[in-house]
Amino acid sequence: MKRRDLLAGLASVGAIGGAGLVATGTIPDAFSNGSETPEPVESTTLDTVEAPGSRDGEVTIPPDNQATFVDFFGTWCAPCVEQMPALGEAENRIGDEVRFVSVTTEDVGGSVSEERVVEWWRENDGDWLVAADVTAELAAKLNVGAYPTAVTLDSTGRIQWSESGIHTADEIVAGIETALNV
Amino acid sequence: MDRRRYLQSIAAAGTTASVAGCLGVLNESGAEGTVLGPPEQDLSEAAHPSYGDEMPEFTVPDPITGEDISTTDFEGERTILWTSFYTNCPDGVCPALILRLRRAQEVAAQEGYSDDAAFLALTFDPERDTADVLRKYADQQGVDLDAGNWHFLRPESYESSQELLDEHFGLVIEKASADDIENLEYQFPHYGLILLANKRGIVERAYPNGATVDIEIVENDFKKVVEG
């Protein structure tokens with residue numbers, strides 16, 4: 001940035017100074033990457049898909065006052081197919097205690113049709129809520145590394161467990177319990 | 001008025017927070033020609049380009065648009081976010097790299113600076129990654145090819161991609177056996193580097209852990225550099 005631009009930028013900040021005593025929370029955030037106590041994740045509302053165990057509508061993640069489990073997948077992703085049986089078992093065991101949802105980061109309704117997702121869901125025996133993160137906004141907030149990625153958030157919306165790769169049902173249940181026991 | 005005194009006077013005016021948020025810009029140890037201040041971790045000894053270095057100059061075809069793309073084409077025009085990958089990547093690292101570029105592209109569209117941005121994803125597996133394969137991959141990964149700012153780069157041959165990555169990015173790429181993976185003849189062990197370079201062609205950030213680096217950090221760094 002040229003110094004002159006910079007000064008101009010600061011000057012305009014100065015002009016709104018009084019009103020703008022600003023979200024001072026940004027000071028530590030700007031200088032620390034990954035502090036010890038995670039901040040609650042800002043919620044994102046996604047469209048859900050009409051499919052077995054799921055319905056056409058919306059889901060907000062994280063919801064108010066409820067723990068959440070999110071499985072990030074893609075219909076192009078072979079390990080995600082492998083992950084499905086363990087997800088089904090975990091959902092049977094502990095699905096009633098959390099908001100249990102699979103989320104694809106594909107552009108569903110755009111470059112990937114909703115039918116394709118429904119077909120994949122049926123083929124792999126999905127039987128719980130499935131949603132589309134078409135701009136990958138939730139994936140960005142939860143910092144998806146690879147696919148699949150499993151994330152649990154506690155009832156205050158803080159991430160308690162996040163790990164990419166294929167997990168056993170026991171691991172998924174344990175990850176969810178971590179979020180329930182906060 | 002020198003910068004330090006200017007800061008003090010602003011601070012006295014009660015806008016400490018805003019100014020502190022800009023300290024990266026003001027940082028006096030910042031490298032020549034950069035918008036961002038130095039990264040927390042000094043990567044200057046790494047084999048790959050890092051903060052303050054010149055973005056490597058090279059020309060590679062974009063097989064989808066049919067153009068030859070040179071990094072120098074973007075000087076004075078667009079901020080660059082670059083990575084290398086291949087579509088057969090079996091472990092999910094490449095989709096994670098592409099996701100970071102895709103999100104920066106998405107944020108650019110939402111905030112109206114698409115035309116100030118260039119997203120360059122270079123395949124080092126040109127034998128398998130043809131134009132059709134790359135187009136399909138873009139659809140799978142939610143990349144917007146119509147935005148006009150995304151270029152897949154496909155070197156003419158495997159050997160030339162090896163040479164390019166070794167010479168310019170310090171990344172050594174070798175085909176390796178993929179016997180353990182169904183339907184895959186060979187794979188490439190590699191690590192996921194993402195580079196952010198400003199319009200002057202100076203590297204602002206190297207993210208050597210590009211597949212896991214915080215997505216919002218990449219989005220925000222990119223935005224700051226575009227707006228710088």
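This is a predicted model: local features need pLDDT of at least 70, side-chain atom pairs count only at pLDDT 80 or more; totals for chains, interfaces and linings use all residues.
Close-up 1. Residues are numbered from 1 along each chain as its sequence is written, and chains are lettered from A and ligands numbered from 1 in the order in which they are written. A:Asp125 sits in the loop between α4 (114-123) and β5 (129-132) of chain A, where helices (H or I, at least four residues) and strands (E, at least two) are DSSP runs numbered from the N terminus. Although A:Asp125 is not a glycine, its phi is positive, about 60°. A:Ala136, in the loop between β5 and α5 of chain A, also is not a glycine and has a positive phi of about 60°, but A:Ala136 counts as buried, with 24 C-beta neighbours inside 10 Å.

**Close-up 2. Two cis peptide bonds in loops of chain A.** Most residues other than glycine have a negative phi, and most peptide bonds are trans. A cis bond joins A:Ile61 and A:Pro62, with omega about -10°, and A:Pro62 belongs to the loop between β2 and β3 (68-73) of chain A. The bond from A:Tyr147 to A:Pro148 is likewise cis, with omega near -5°, and A:Pro148 lies in the loop between α5 (137-141) and β6 (149-153) of chain A.

**Close-up 3. The open sheet of chain A and its strand β6(A).** In chain A, 7 strands form an open sheet of mixed pairing, in the order β2-β1-β5-β4-β3-β6-β7; two strands pair if DSSP finds at least two bridges between them. Because β2 (57-61) and β7 (159-164) of chain A stand at the edges, each with a single partner strand, one side of each is left without a neighbour in the sheet. Strand β6(A) is largely enclosed by the rest of the structure, because 5 of its 5 residues are buried. On one side of β6(A) are A:Thr149, A:Val151 and A:Leu153, and on the other A:Ala150 and A:Thr152. Strands β3(A) and β6(A) run antiparallel and are joined by 5 bridges, with A:Phe69 and A:Thr152 as bridge partners. Strands β6(A) and β7(A) form a hairpin with 5 residues between them, and A:Gly157 in the turn has a positive phi of about 85°.

**Close-up 4. Helices α4(B) and α7(B) packed together.** Helix α4 (residues 93-111) and helix α7 (residues 215-227) of chain B pack at an angle of about 50°, with their axes 9 Å apart; the axes are lines fitted to C-alpha atoms over the stretch in contact, and angles run from 0 to 180 degrees between N-to-C directions. The contact is made by B:Arg100, B:Arg103, B:Ala104 and B:Val107 of α4(B) and by B:Ile215, B:Val218, B:Glu219, B:Phe222 and B:Lys223 of α7(B), where residues are in contact if their C-beta atoms, placed from the backbone, lie within 7 Å.

Notes:
Two residues are in contact if their C-beta atoms, placed from the backbone, lie within 7 Å. A residue is buried if 20 or more other C-beta atoms lie within 10 Å of its own, exposed if 12 or fewer, and partly exposed in between; C-beta atoms are placed from the backbone.
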